[in-house]
Amino acid sequence: MAAPLALLLIVAVTIRAALFRTSLANLISERVEVVSPLNAWKRVVEGLALLDLDISPYSGDVFHETPMVIYLFHFLMDYAEITFMLADCLTAVALYLAVKDYNKQVFRKQKFALEADRIPMDCLELIRSPTEMYYIPLKVAMFYLLNPFTIVSCVAKCTCGCLIYGSALLSAIFLALATYQSIYPLTLCVPALLYLLQRLYIPVNVRRSSFWFYTLQYLFMFLGSLLVLICLSFFLLGSWDFLPAVYGFILSVPDLTPNIGLFWYFFAEMFDHFRLFFLCVFQINVFFYTLPLSIKLKEHPVFLIFMQIALIAIFKSYPTVGDLSLYMAFLPVWNHLYRFLRNIFLVSCVLLACSALFPVLWHLWIYAGSANSNFYYAITLLFSVAQILLVSDYFYAFLRREHHLTNGLYLKKKDGSEATLVLK
């Protein structure tokens, strides 16, 4: 599989390098669907200019990236294009290796379940074969590298963060890096912990001392890594100005520049005395679903990670299309769920239509003056609804397959007639 992966990386780098040399690069870097006030490259450039003049980049209301990012690009400014292409390639390789390891675990669990006769005979067709799973890691890397959303984010030099899971220490460090970058990946702490517990065969049981020992150990590594990053930022900058400028900016949403999210239009129309209440309501959406989903999917942490990444992409305050590309890369992992999906064709059509209509309605609103903000927000709202339908459809399909693997594929009522499975 090394040769196809290497060829895929070469093709992905070639596409990006070619686009960097065209006039499309400047056009893409100005699109509100691709960049946000948090990660726009021109804001990073302005922050670097202020830093070169010995002025704090957070003294104005332009730069909202973390200190580590600005000091990183202070040294890599001349190699920015290579840096972004390399980051995409490393993320794709990490996804490839992670999915490959996950497939081994899935195959091992299936083998044990079959040997223990825990799977009904009529569900053998739901079992995933090694041949079917062999090319999934390559498909995941392909879905990530060749996704148009990933490509335009790279060409726009959008500073989106990535997350890699490995050993407990590496997982804690990378999760701390992602949380340091944008707060929201904090919700991935629970699925990451569940994944590591599963790998070590430690049961999720609050009465077991081994569970609490490993949980506290992981939380200590995560919080320790996060504290080190924040303290290092303070020593680099010499002040705590970055805390309100970065994290306060993410949580309070003062910049209402249009984007593909749900915040900007709603809070542009909001009365000031209601703002704090609805801000809490909107922000809590990202964190609210973590606990119930973790309880329901505690035996399936990788699918829980997929769900949490998707929820972050939908409900964060300043989303971009680059956030979608990460969770969409996981879709080939769940190709065995296609037979249970109900709305996949409709959702796919809506997502494609919205992607095409974003620039059209933006032009009609900003340049032609023949439309207004309601038109653009209608498309962003439809885009978010389509994502919610996509995620909920996969959630339904996953739960239905697990139910069939436990109770049989062809369900019968007590009177012998065919039963219908309803998700409540």
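In helix H8, the residues Phe 149, Thr 150, Ile 151, Ser 153, Cys 154 and Val 155 are buried, where buried means under 20% relative accessible area, exposed over 50% and partly exposed in between, with a 1.4 Å probe and protein chains only. Because six of the eight residues of H8 (residues 148–155) are buried, this helix is largely enclosed by the rest of the structure. Helices here are DSSP runs of H or I with at least four residues, strands are runs of E with at least two, and both are numbered from the N terminus. The N-terminal end of H8 is capped by Asn 147, a side-chain oxygen of which lies 2.9 Å from the backbone nitrogen of Phe 149, while Lys 157, with a positive phi near 55°, follows the helix.

This is a predicted model, in which local features need pLDDT of at least 70 and side-chain atom pairs count only at pLDDT 80 or more, whereas totals for chains, interfaces and linings use all residues. Residues are numbered from 1 along each chain as its sequence is written, and side-chain values use heavy atoms, with hydrogens and water left out.

Helix H1 (residues 2–20) packs with helix H7 (residues 136–145) at an angle of about 0°, their axes being 10 Å apart; axes are lines fitted to C-alpha atoms, for helices over the stretch in contact, and angles run from 0 to 180 degrees between N-to-C directions. H1 and H7 are therefore roughly parallel to each other, since angles under 35 degrees count as roughly parallel. Among the residues of H1 that meet H7 are Leu 5, Leu 8 and Arg 16, and among their counterparts in H7 are Leu 138 and Met 142, contact meaning heavy atoms within 4.5 Å.

Arg 16 also takes part in a salt bridge with Asp 88, that is, a side-chain nitrogen of Lys or Arg within 4 Å of a carboxyl oxygen of Asp or Glu. This pair links distant parts of the chain, with Arg 16 in helix H1 and Asp 88 in helix H5, 72 residues apart. The count by this rule comes to eight salt bridges, including those in the table.

| Salt bridge | N to O distance |
|---|---|
| Arg 16 and Asp 88 | 3.0 Å |
| Glu 33 and Arg 31 | 2.9 Å |
| Glu 402 and Arg 401 | 3.6 Å |

Both Arg 16 and Asp 88 are buried, and so are both Glu 33 and Arg 31. Glu 402 counts as partly exposed at 23% relative accessibility, whereas Arg 401 counts as buried at 6%.

Methods
Parallel < 35°, antiparallel > 145°, perpendicular 65-115°, else oblique. Polar contact = N/O pair within 3.5 Å; in protein donor to acceptor, adjacent residues only side chain to side chain.
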